[in-house]
Amino acid sequence: MTSRGVRAGMVLLAVIAVVTAAASAIAPHDPGRQFPDLSYAPPMRPHVFDDQGRLHRPFIYPLRLADRLEHRFVEDRSVRVPLVWLASGSPVTTGASIQSMPSSPWLILGADALGRDIFARVVLGARLSLGVSIVATAGALLLGAIIGAFAGFHGGRLDDALMRVADFVLVLPAIYIVIVLRAAMPLVLTTAQVFWTMAGILSLAGWPYPARGVRAVLAAERGKEYAEAARALGASPLRILLRHLLPAARGYLVVQATLLLPAFILAEATLSFVGFGFAEPTPSWGVMLHEAAQAGVLAEAPWLLAPAGAIVISVLGLYLVSATKPSGLTRHEALNPL
């Protein structure tokens, strides 16, 4: 992968990070707000020219339901709803937020079955879907680094025992184990409980991969001259481990994070999709994709796949960045379990 691809991946990740951090300000509507007359409404295009070709500041035409059975909408060309910039704490809103102006919601990516703004749910759902994945990745790296460090530093029977446990976890079909572990817990949990439960389960499923790599790095480094010199100067084993050996695995852990994170994004979406993760009305990418999977809905409202597009963009950005991996690291080793 060229440096141009890596830069493109970094730009994508930077945009995702900004959108996620500013989701509350970017979303034009509350993710739970319903517009009953706009069920399955299509995305609404902004305009700058009216039907007579006259130039105006950006505006939208409100949608009107033309056929309830077919969910067919048409633009009401008799009304122009201006887009208002930097008002009500949002980058852009419609005249609905200002008195004496025509009122209509701006559904950038359309609406779902309940008339909720898909764009608002996608950007706010990123906080949950990406948040779980980031916490799970941090947990897997921390647990894997600790286990791999002790295994590689001490060697012997401790090394064999810890690596046998790691091998046992590796041979299991991890995504099914994750589903089984989640199914064994109470199904009715608060959003916060679901968040930490899913992060913990994914961490337990992913720790063997960084553990094996850290163990290999430390097993190779512990006999080198700088480690022997520190030992001869009276440094304690813990100091040698933390100050001299573990930094050698830092680059491996960074790359491993870029490989585990997309796997956990897909895992969270899978769990929520099958009903073991977040549930309605909580906006998360997996929850939103559940509606898109219903028979006949996708053909009628393809914009319901917007969460899938968000997942693809996130995974693509991480894939491009992870192309800088060291030659000794295989992508299959990290992404295979999930």
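Begin by selecting Asp167, which is partly exposed, with a relative accessible area of 22%. The model on screen is a predicted one.

**Asp167 and Arg212**

Asp167 forms a salt bridge with Arg212, and their closest N and O atoms are 2.5 Å apart.

**Asp76 and Arg64**

The whole structure holds 9 salt bridges. For another of them, select Asp76 and Arg64, whose side chains meet at 3.6 Å, N to O. Arg64 is in strand β3 (residues 63-67), while Asp76 is in the loop between β4 (72-75) and β5 (81-87), so this pair links parts 12 residues apart in sequence. Is Asp76 buried or exposed? With a relative accessible area of 17%, Asp76 is buried, whereas Arg64, at 41%, counts as partly exposed.

**The network around Asp112**

Now select Asp112, Arg116, Arg121 and Glu280, which are linked in a network of salt bridges.

**Ala111**

Move to Ala111, in the loop between β6 (90-94) and α3. Its relative accessibility is 0%, so Ala111 counts as buried. Which residues is Ala111 in contact with, leaving aside its neighbours within four places in sequence? They are Leu38, Tyr40, Ala41, Arg116, Ile118, Trp303 and Leu304. Select Ser39 as well: Ala111 and Ser39 are 72 residues apart in sequence, yet 6.2 Å apart in space, C-alpha to C-alpha.

**Helix α11**

Select residues 285-292, which form helix α11; 7 of its 8 residues are buried. The buried ones are Trp285, Gly286, Val287, Met288, Leu289, Glu291 and Ala292. Their cover includes α3, α10 (250-273), α12 (297-300) and α13 (306-321).

Finish by selecting Leu142, Ile146, Phe150 and Leu158, which make a nonpolar surface patch of about 360 Å². Which helix gives the most to the patch? Helix α3 (residues 118-154) does, with 3 residues. An α-helix has 3.6 residues a turn, so residues three or four places apart point the same way. Phe150 is found in helix α3, and its relative accessibility of 36% is why it counts as partly exposed.

Note on methods
Residues are numbered from 1 along each chain as its sequence is written. This is a predicted model: local features need pLDDT of at least 70, side-chain atom pairs count only at pLDDT 80 or more; totals for chains, interfaces and linings use all residues. Side-chain values use heavy atoms; hydrogens and water are left out. Patches are made of residues with over 30% relative accessible area and no salt bridge: like charges are joined within 9 Å, nonpolar side chains (Val, Leu, Ile, Met, Phe, Trp, Tyr) within 5 Å. Accessible areas come from the Shrake-Rupley method with a 1.4 Å probe; for residues, only the protein chains shown count as cover. A salt bridge is a side-chain nitrogen of Lys or Arg within 4 Å of a carboxyl oxygen of Asp or Glu. Helices (H or I, at least four residues) and strands (E, at least two) are DSSP runs, numbered from the N terminus. Buried means under 20% relative accessible area, exposed over 50%, partly exposed in between (1.4 Å probe, protein chains only). Contact means heavy atoms within 4.5 Å.
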